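Notebook open. I am going through one protein model and writing down what I look up.

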Amino acid sequence: MDSPPQKSKSNLQNWVKALLHFSIFFTTGFIVAFVPPGTTISILSNHFSIYYQMLYPSSKSETSVSDLGSRKYDSSGLVIVITTTRSGDKFEPIALTRLAHSLANVPPPLLWIVVEAQKKSKITAERLRGTKVMYRHLTYKDNFTSPGGEIDHQRNLALRHIELHRLAGIVHFADASVIYDLKFIEEMRKIKRFGVWPVATVGLNRRKVIIEGPICQESKMVGWFSKDASSRANQAIASLQDIRSNPTKINVFGIGFDSTILWDPSSSSRTKTTTNTTKVCQNEF
């Protein structure tokens, strides 16, 4: 008998390959459809890593996947909270967990950016996955001998990330040890461009309380004060000129600003407002 034509065999093999590829991709898509909301995705680069959750969690205890997928969030009220970390702080995991519980009670939209060294990121990554907060976890491989230099690097890394991805919202630097009133975060949403407010720092022995904050005339900031409330020492006052020459005179935990000023020069012309409930004064530097 004559053997089948080679062309028929080639067509059959092509059909088998096509069916096999279709089966693989169909099965993969079917499995991915059942991945729970909040699954963490990792993006790696030569300089730093980014971990973030896919979806905003629901404010309800139970929400279907379809509900999460159809939910739309208004980015105009987005609050971006940046938290830096300190190497060798054994209490930091506890503080991050406490801050996560506080932020989980804030109505969306809210984005939490946590920055830390890559060598200690695994424990934090596990804790962040268990939160109900929309987050981005930035890590880096650089080594630092100065704690202040490392924190500056972390803040700059977070700001570059915000600028790169055009994350429009109100940026606030939050230390993991800070305790927040949820109403305060809602007040931050009212900031149009730049806002400042008083900050109290309590010493470890609770015998020293430093109060820092803006000096305002109406809705404009004209200086910055720092006072030891536990003593009778005179308060230190820095003028705007002092602040421009030495920005470290301002406590970064007492400021919030519109992130679009990082990439949009036209944002400087936005209308300035005053939030009376938190004594926020806004000013253009």
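I start with a term: a contact means heavy atoms within 4.5 Å. I also note that helices (H or I, at least four residues) and strands (E, at least two) are DSSP runs, numbered from the N terminus. The model is predicted, so I ask pLDDT of at least 70 for local features and 80 or more for side-chain atom pairs, while totals for chains, interfaces and linings use all residues. Residues are numbered from 1 along each chain as its sequence is written, and side-chain values use heavy atoms, with hydrogens and water left out.

**Entry 1, whole chain.** I looked up the secondary structure of the protein chain and found 7 helices and 12 strands. The chain has 285 residues, and 37% of them are buried. Buried is under 20% relative accessible area, exposed over 50%, partly exposed in between (1.4 Å probe, protein chains only). I took contacts between residues at least 6 apart in sequence; 61% of these join residues at least 24 apart.

I found α3 at residues 92-104, with 13 residues. From first C-alpha to last, α3 reaches 18 Å, close to the 18 Å expected at 1.5 Å a residue. The expected span is 1.5 Å times one less than the number of residues. Which residues of α3 are buried? I list Glu 92, Ala 95, Leu 96, Leu 99, Ala 100 and Leu 103. The arc is that of the directions from the helix axis to the C-beta atoms. Ile 94 and His 101 are exposed on the other side of α3. I then checked what covers the buried residues of α3: the cover includes β3 (79-84), β4 (110-117), α4 (121-129) and α6 (182-188).

I moved to α4, where Ser 121, Thr 124, Ala 125 and Leu 128 are buried. Their arc around the axis is only 105 degrees, which puts them on the same side of α4. Lys 122, Ile 123 and Glu 126 are exposed on the face turned away from that buried side.

Lining residues have an atom within 4 Å of a point. The largest pocket holds about 970 Å³ of space. It is lined by 27 residues, and Arg 98, Asp 175, Ser 177, Val 178 and Val 202 lie nearest its centre. The elements that give two or more residues to this lining are α3 and β8 (199-202).

I found Arg 207 in the loop between β8 and β9 (209-217). Arg 207 counts as exposed at 69% relative accessibility. Its C-alpha is 6.9 Å from that of Ser 230, 23 residues apart along the chain. Lys 132 is in the loop between α4 and β5 (135-140), and is exposed with a relative accessible area of 59%. The C-alpha atoms of Lys 132 and Asn 105 are separated by 8.7 Å.

Which form does the peptide bond from Pro 108 to Pro 109 take, and what is its omega? I read cis, with omega near 10 degrees. Pro 109 is in the loop between α3 and β4. Arg 166 is not glycine, yet has a positive phi, near 50 degrees. Arg 166 is in the loop between α5 (147-164) and β6 (170-173).

How values were computed
1 Å grid on protein atoms, 1.4 Å probe; cavity = no way out; pocket = protein on both sides within 12 Å on 5 of 7 lines; lining within 4 Å. Points joined across faces, edges and corners; volume = space filled by probe spheres on them.
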